[in-house]
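I opened the notebook to record what I looked up in this structure. The entries follow in the order in which I made them.

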Amino acid sequence: MTEATRLRSRHMVNNVMLGLTGLFTIIIAGALLFILGYLFINGARNLDFAFFTQLPKPTGETGGGMANAIVGSAKILGMATAIGVPIGFLGGVYLAEYGNKSFAFAVRYLTDLLNGVPSIVIGIFAFTLVVLKAKHFSAFAGGMALGLMMIPISVRSTEEFLRAVPNGLREGALALGTPKWRALATVVIPAAKDGIITGIMLNLARVAGETAPLLFTSLNNRFWSPGINQPTSTLPVMIYTYALSPYDDWHRQAWAAGFVLLMLILTINVSARMILSRSRYSGGR
Amino acid sequence: MHSSETLKVQGEARVPGTKRNPGARAFALRFFSGDEIARALVTISAALILLVTVLLVYELWINSHLAREKFGWHFLTTQVWDPNAGQFGALAFVFGTVVTSFVALLIAVPLGVGAAIFLSELAPPKLSNALTFCIELLAAVPSVIYGLLGVFVLMPLIKQYLHPVLKGTLGWTPLFSGPFYGPSMLVAGIVLAVMILPFIVSVSRQVLLAVPNDQREGALALGATKWESTWKVVVPFAQRGIYGSVFLALARSLGETMAVTMVIGNTPQIKASLFAPGYSIAAVIANEFTEATYDLYVHSLIELGLVLFALTIIINGLARLLVSSTAKFSVSST
């Protein structure tokens with residue numbers, strides 16, 4: 001092979017391979033557009049006012065809505081936040097501000113481990129922890145499952161954003177004679193506020209769509225479920241049930257529910273990222 | 001709170017390298033200034049996280065003891081899953097889980113790494129950031145919605161277009177033989193591929209971006225083409241991180257429940273053909289947990305959960321090891 005043809009083939013390989021990487025990117029971006037577009041068009045088309053205000057109609061009848069599932073989702077997410085965020089936040093403060101070597105290492109390691117646990121396994125855990133003991137399915141069990149899922153991300157995002165706060169702020173506060181806890185509560189944590197709030201929002205967006213851990217904790221319910229001790233309907237579980245049903249009208253409602261859920265999640269997600277992008281100590285992200 | 005004693009103790013406690021005063025008086029002062037309370041509060045929270053994780057393993061272990069004692073290791077090597085006869089074997093589920101995840105990786109790794117190369121090496125930063133932002137949004141879509149799309153969009157599309165093509169060209173191999181009804185391991189694999197793509201792209205891109213520019217410039221200065229410098233210098237440099245992203249994606253797809261449950265067909269069988277329906281570990285737990293009527297049945301399902309837990313923990317551990325050794329960033333928050 002002469003030098004010229006070798007060079008030409010090298011350039012050809014160069015162009016083909018670089019072109020391929022571009023093509024792959026276009027394929028992925030295309031899939032993304034298709035997925036979002038399809039959901040928006042199909043979801044918005046099937047959405048009506050009754051969806052937000054009515055209970056599900058009896059099996060086989062058309063019409064009705066998912067008002068109970070919307071309230072149920074809100075209730076369970078509220079409980080999850082109340083369980084997962086405080087523990088995760090305080091744990092994150094420990095790791096960033098107090099942690100000694102070996103104990104902090106263990107906490108960090110197990111937090112990562114917990115983060116990797118499949119959501120269905122978390123569901124089993126919440127089942128054995130709450131449902132087996134109370135002997136009935138409940139909204140609380142669902143909140144527990146999602147709350148457990150929120151802990152790891154809450155820990156790591158709190159730790160990460162606290163670490164991004166310059167040490168000068170801590171030292172300045174301490175040099176004025178402030179006890180450490182006050183320095184943290186009034187100087188360091190407020191400085192990391194944007195990041196921590198973003199972390200909570202992204203966390204919430206992540207668990208809002210979780211279905212698997214709710215299947216055998218909060219179960220489902222076709223009626224209102226007052227309090228936190230009864231089986232409760234949620235949007236993701238309703239989507240699952242309706243999608244696999246044989247009724248066209250239920251499929252229509254599954255799309256509508258998917259649209260509502262996705263809009264909610266994307267809104268939280270995008271606004272969280274916007275808060276993050278204009279915050280001062282964003283951990284270099 | 002702002003007395004001079006407090007100040008002194010605070011000062012002592014903060015100066016690096018000095019030992020904390022162990023005296024009871026100093027402790028009382030720290031206590032009343034609130035510091036010991038704050039320390040106790042955060043330490044208890046951290047300990048609670050440890051406790052929760054240990055309790056998770058404990059509960060899975062205890063609540064699967066009937067199945068573990070009755071079947072032992074045969075649980076993993078037998079295929080019969082017959083709740084009526086009280087016989088439980090996980091092999092068909094393990095098979096379905098591994099095959100669908102493998103198909104997903106086969107599709108998602110080349111696509112994802114290719115796109116990551118484009119986004120880190122070729123695309124202008126603004127375009128790259130915007131596209132990455134969008135691709136990461138894909139990761140925010142709940143899995144039940146992927147399941148919905150899989151059932152109503154992907155399945156008909158594959159039936160109409162992809163199946164005839166595969167049947168025509170590769171139909172002679174056992175992999176693509178037999179009839180195609182819709183719910184199958186192939187569809188599950190493709191849905192999983194779409195779901196794990198964002199992780200591969202986002203993590204691989206970050207590791208590629210972390211490769212020092214000297215590496216690229218060095219290769220280009222020696223006369224390498226852009227592709228040669230990327231493929232032979234930059235990618236090997238970031239190799240471990242890319243493997244890490246793949247393992248991360250693998251752990252995700254092994255544990256993925258809803259989307260797979262909705263499209264895999266839920267038939268516990270071991271067939272070579274990807275067109276055949278199958279079943280995965282997570283799917284059988286999701287489907288049968290509330291129907292399990294006696295203890296051994298429940299314990300068998302929880303043992304499946306234990307198997308899944310062990311699998312994902314090992315693979316996640318490998319992923320973290322690989323990623324953290326190349327680039328410093330938090331994988332946990334993506």
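Entry 1, the interface. I took buried area as the accessible area (1.4 Å probe) that two parts lose on being put together, summed over both. Between chain B and chain A this comes to about 7500 Å², with carbon and sulfur atoms giving 79%. The model is predicted: local features need pLDDT of at least 70 and side-chain atom pairs pLDDT 80 or more, while totals for chains, interfaces and linings use all residues. Residues are numbered from 1 along each chain as its sequence is written, chains are lettered from A and ligands numbered from 1 in the order written, and side-chain values use heavy atoms, with hydrogens and water left out. I then listed the residues in contact (heavy atoms within 4.5 Å). Chain B gives 86 residues and chain A gives 84.

I counted a salt bridge where a side-chain nitrogen of Lys or Arg is within 4 Å of a carboxyl oxygen of Asp or Glu. I found 3 salt bridges between chain B and chain A. One of these salt bridges pairs B:Glu136 with A:Arg273, with the closest N and O atoms 3.1 Å apart. Of the side of chain B that touches chain A, the largest share, 19 residues, comes from helix 3 (residues 35-62) of chain B. Helices here are DSSP runs of H or I with at least four residues, numbered from the N terminus.

My search over all chains gave 11 salt bridges. A:Asp112 and A:Arg156 form a salt bridge at 2.9 Å, N to O. A:Asp112 is in helix 4 (residues 101-116) of chain A and A:Arg156 in helix 6 (residues 139-163) of chain A, so the pair ties together parts 44 residues apart in sequence.

I looked up which residues helix 12 of chain A and helix 8 of chain B bring to their contact. Helix 12 of chain A brings A:His251, A:Ala254, A:Trp255, A:Gly258, A:Leu261 and A:Leu262, and helix 8 of chain B brings B:Ile145, B:Leu148, B:Leu149, B:Phe152 and B:Val153.

I found A:Phe24 in helix 1 (residues 3-46) of chain A. Leaving out residues up to four places away in sequence, A:Phe24 touches B:Pro110, B:Leu111, B:Gly114 and B:Ala115.

Notes: Helix = DSSP H or I, 4+ residues; strand = E, 2+ residues; numbered from the N terminus.
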